[in-house]
Amino acid sequence: HVYDSRTGKYHGRTDAFKSRFDPAGAKVFALLPYRVTGLTAKPVGKLKVGKSARITIMLNAESGAAGLHIVRVDVLDPKGEWCSCYSRNLRTEGGAGELTIPFAEGDRPGTWTLQLRDVVSGQTAAAKLNVAGR
């Protein structure tokens, strides 16, 4: 299974594919023994400002268990502002990883967004988290 890691384009299960190479641009391709079919995020328990939240990140693969992957997780607050202090690269193994977000007392309650991107395949997804007030 061939992926363009920068664009997320899936070239299929193949040993040959067409691509245009630009001398001024870099191409990064990944070869996997399985197809990545999706990403999901699910909170463990209730989420509340002032408390640490555990979030399970799942990387789904066509053949079952996925290998080692890095998932970029960008966290956006209820106003859609990027929270660099909560965003990170998360290691998943066997299709699963766990993220901890230590919500501060001063964080806004409401619907937070996780933007997920598998670094190898370029597969993306978004998840909404409802975070309660104090």
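The cut-offs are under 20% relative accessible area for buried and over 50% for exposed, with partly exposed in between (1.4 Å probe, protein chains only). Cys83, in contrast, is buried, with a relative accessible area of 12%.

The model is predicted; local features need pLDDT of at least 70, side-chain atom pairs count only at pLDDT 80 or more, and totals for chains, interfaces and linings use all residues. Residues are numbered from 1 along each chain as its sequence is written, and side-chain values use heavy atoms, without hydrogens or water.

The search of the whole structure gives zero disulfides (pairs of cysteine sulfur atoms within 2.5 Å). The sulfur of Cys85 lies 5.7 Å from the closest cysteine sulfur, in Cys83, which is too far for a bond.

The protein contains 11 strands and zero helices. Both kinds of element are DSSP runs, numbered from the N terminus: helices are H or I of at least four residues, strands E of at least two. The C-alpha trace spans about 55 × 35 × 15 Å along its principal axes. Of the 134 residues, 37% are buried. The accessible surface comes to about 7800 Å² (Shrake-Rupley method, 1.4 Å probe). Carbon and sulfur atoms hold 50% of that surface. Among contacts (heavy atoms within 4.5 Å) with a separation of 6 or more, 59% join residues 24 or more positions apart.

Three strands form an open sheet in the order β2-β1-β3, with antiparallel pairing. Pairing requires at least two DSSP bridges between two strands. β2 (10–12) and β3 (29–31) are the edge strands; each has a single partner, so one side of each is left without a neighbour in the sheet. The twist averages 20° from one strand to the next (axes are lines fitted to C-alpha atoms, with angles from 0 to 180 degrees between N-to-C directions). β1 (residues 2–4) pairs with β3 over three bridges. Val2 stands opposite Leu31 in β3.

The largest nonpolar core has 30 residues. Such a core is a set of buried Ala, Val, Leu, Ile, Met, Phe, Trp, Tyr and Cys residues joined through side-chain atoms within 4.5 Å. Ile55, Ile57, Val73, Ile101, Trp112, Leu114 and Leu116 touch the most other members. At least two core residues come from each of β4 (36–44), β6 (52–61), β7 (69–76), β9 (96–102), β10 (110–118) and β11 (124–132). β6 gives the most, with five. Beyond its neighbours within four places in sequence, Ile57 has contacts that include Ala41, Val71, Leu90, Leu99 and Leu116.
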